[in-house]
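Dear colleague,

Please find the structure below. My notes on what was found in it follow.

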Amino acid sequence: MKKIKITGAIVLAAALFASCADTDFEAIPVDKLMGDSLTTTYTIEQLKTEFMTDADAYSDTVRYLGGLYTADLIKANREVVISGYITSTDTEGNVYKYFVVQENTPNGQAIKISIDASGLSGVYPIGQKVWIRCNDLYVGKYGESPQIGLKYINTERFKVKKSTGDTIYRIEPGRMPLPVAQSHIHAYGMPDPSVIVPDTMTIAQIRASSYKKLVNKLVCIKNAYFTGREDGKILSDADMIFAPSTDGVGYPQSRDITDGTGTIIIATSEYAKFAGYKLPASTYRGNITVIIGWYRNYTDDAGDWQLTLRTLGDLGAGFENYIESVK
Amino acid sequence: MKNFNKYKLLIGTLALALVGCSNLDESAFEVIEDTNNVIYSETFENDLGEFTTQNVSGEQQWVYNSSKYVIMSGYVSPTDYANEDWLISPEIDLTGLSAAHFSFDHAARYFANILTDVTVWISTDYVTGNLPATATWTQLTTKTFSDPGSWTFGNSGQISLTQYTGQKVKIAFKYVSTSKKAGTWEIKNFLVEKGEAEIVVGNDGSEEFPFTVQEAMLNQTNASAWVEGYIIGYLWSGVQTTYHFSADTCTQATNILIADTNALSQIYVAKSMAVQLPSGAVRTGLNLTANKANLGKKVTMYGMLSSYFSAPGLKSVSYYKFEDGTSGGTKPIKAIFSETFANSSKGNFTIENVNMPAALSYIWTPTATYGMTASAYKSPTDYESESWLISPAIDLSKVTSATLMFDHALNYVANAANKLNYISVWMSSDYQSGLPASATWTRVIVPTYPAGNNWTFVSSGNADISSMAGKNKVRIAFKYTSIAGDAATWEVKNVVIY
């Protein structure tokens with residue numbers, strides 16, 4: 001229904017323009033104004049199942065062969081097209097050089113698209129429907145968390161194989177240049193942020209889930225609050241903010257939240273607009289909407305969830321007074 | 001100060017002299033304060049400077065860190081190593097001075113017992129390069145160090161050296177760790193200055209200086225202390241543990257939460273501490289189910305600093321008082337002297353073995369949780385022995401009566417009728433050092449002895465030692481004896497004189 005309404009508005013606008021100026025060129029056909037529409041041929045799950053491998057010569061050990069860092073070419077003799085709606089925004093700097101696309105189907109999944117450009121939300125705002133033609137792109141895992149991009153050989157992370165003397169670099173999914181992204185990503189229609197409704201989950205439910213299915217999805221945790229701890233450690237008064245400076249080290253900073261069912265971390269970049277804001281006191285409780293993340297850096301670590309706030313506005317009902325206090 | 005005044009006078013005179021004959025900018029004659037109070041300074045910005053290190057035990061050592069401090073840690077991820085390491089200053093000349101003090105910035109974290117593992121010492125006879133044990137060292141009294149909770153450096157506060165003026169001294173930072181727990185100590189900006197130390201009294205958990213909630217959370221020593229904070233809510237312990245910062249619907253009477261603030265926008269779970277309310281007057285007076293008006297009130301409590309709900313907590317609270325004077329429970333006695341013997345520490349007690357068979361290497365020995373333990377049994381033999389555990393000198397000169405209390409347990413007494421021959425408590429006002437026979441001792445009448453055949457600790461009850469009141473160097477001694485064929489085990493802890 002919404003689509004029809006929008007179409008109507010544009011037709012009306014086109015008509016208005018048509019009536020007040022003589023044009024010596026053909027008006028752009030309405031269907032072209034909407035962008036390119038493709039046919040979806042793969043679900044995100046199918047894409048991952050078919051093309052993403054566990055081939056990680058750098059991280060793999062005798063005990064673990066799951067693949068922490070991978071990048072596999074999406075090579076097929078037919079169109080590999082996934083689709084979904086954008087759920088992320090980089091307007092507050094916490095999401096940087098990627099967007100997340102989520103399927104609005106039952107059991108739909110989500111995946112991160114890594115692009116070497118900032119300000120992506122100007123072109124790909126929340127709620128934008130996109131088709132992504134994945135042929136010749138790479139799908140891989142970064143700390144076990146899947147994303148689509150290109151292949152990146154991390155020359156700062158390597159090991160030398162004793163038997164052969166070969167240097168084995170860590171292979172990661174890397175950011176695709178903007179022109180590559182533009183030729184593979186097809187946005188269609190006006191953005192509608194209401195299409196993707198975050199799943200409501202408790203922290204216990206998140207923890208009990210398979211990260212392979214849940215990662216990158218938008219989730220709302222109710223009755224949640226910040227505890228003032230970082231991975232269980234009590235924060236000093238000076239560090240009682242979302243993300244103190246790491247002096248350029250650059251990894252996101254963990255802040256624990258709980259809803260009574262368990263504890264989980266919200267990870268925030270020191271470059272986020274709200275990085276320096278005072279952490280909400282534990283007396284503020286309510287809805288926290290997040291993009292679910294997962295990170296496993298070492299084969300002998302268990303890996304853990306890390307949640308991302310897209311904007312401070314993801315602290316919803318229950319945090320109104322807090323938002324007011326930091327404005 | 002004298003120099004400073006001279007300058008002032010001189011500059012003042014100059015200013016007066018010049019003022020009449022030119023319109024020079026007056027600011028050119030600002031009094032420059034004489035800041036040359038520094039006797040010795042080492043920032044540790046570039047290296048260890050003139051400081052030296054002594055690695056008494058353990059592989060790790062004091063080292064310079066390029067982040068501009070010195071650091072000692074017996075923790076090498078993921079293992080704790082036992083260490084004793086000294087960082088020792090060069091000679092600091094205090095001759096010709098009437099008062100001096102020093103201070104430093106530091107951060108000490110993750111110690112098993114910060115009070116004994118992180119200490120500062122002074123010596124007038126230490127020769128640089130030798131092991132510390134080759135010299136006489138005296139521990140300096142500092143304000144109570146505590147884990148700051150982050151790696152932010154804090155100042156030590158000024159530590160007086162006035163007692164050592166006229167001498168040349170060396171100051172040492174002594175680090176101790178065990179294979180169970182190895183903390184990390186970082187130090188910078190060591191500064192020795194002229195003048196009296198301005199000593200800012202820190203909270204020590206006493207009734208006069210109760211711990212803040214933050215201090216209480218950082219000093220989870222399992223010892224009892226006074227803690228002051230605001231009642232801000234309670235913990236619901238069901239299937240889920242939830243922090244409630246309100247009293248409205250509270251039905252949980254067994255605990256409350258306290259914090260250093262009662263401003264709702266400042267309260268964090270991480271900065272609030274759960275307080276166990278034992279049944280009786282404390283629970284009746286404090287719980288938020290029956291006393292909703294207690295929410296937000298400031299309260300001072302006496303209890304044990306111990307983990308509760310898997311987080312730093314205050315347990316077994318026996319007494320509380322509100323700002324308006326309302327109180328409940330039993331107010332703890334104010335000790336003149338106390339020694340828990342907790343955490344394998346014998347405190348400042350000394351051991352004198354009057355008769356120790358060659359087969360034994362010790363009779364009295366500290367233990368982690370049973371206090372000081374005495375035994376002359378070494379499998380399979382009960383040896384004849386006599387060993388004294390003697391307190392440091394205790395000043396009872398300002399009291400007219402005194403009482404001794406302690407907890408003890410006794411086991412393996414072959415003949416229970418003889419137990420009073422084996423364990424006894426003595427007091428003396430003229431003991432100096434060395435063997436106990438050098439002094440006059442009077443036996444203390446101990447009201448309650450343990451049964452002798454189990455590990456149950458019993459309280460000694462109130463043992464009157466008022467005959468020592470008015471004396472300034474009173475010693476209490478725990479005398480253990482055994483005979484061949486009957487060597488019991490005696491455990492003593494929580495010694496209090498009040």
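In chain B, 70% of the contacts between residues at least 6 apart in sequence join residues at least 24 apart; two residues are in contact if their C-beta atoms, placed from the backbone, lie within 7 Å. This is a predicted model, in which local features need pLDDT of at least 70 and side-chain atom pairs count only at pLDDT 80 or more, while totals for chains, interfaces and linings use all residues. Residues are numbered from 1 along each chain as its sequence is written, and chains are lettered from A and ligands numbered from 1 in the order in which they are written.

Chain B contains five helices and 36 strands; helices (H or I, at least four residues) and strands (E, at least two) are DSSP runs, numbered from the N terminus. Of the 498 residues in chain B, 34% are buried. A residue is buried if 20 or more other C-beta atoms lie within 10 Å of its own, exposed if 12 or fewer, and partly exposed in between.

B:Asn65 lies in strand β3 (residues 63-65) of chain B. B:Asn65 is exposed because 11 other C-beta atoms lie within 10 Å. Beyond its neighbours within four places in sequence, B:Asn65 is in contact with B:Val70 and B:Ile71.

Turning to confidence, pLDDT is the predictor's confidence in each residue, from 0 to 100. Chain A averages a pLDDT of 88, and 90% of the residues score at least 70. Over residues 1-20 of chain A, however, pLDDT stays under 50.

Yours sincerely
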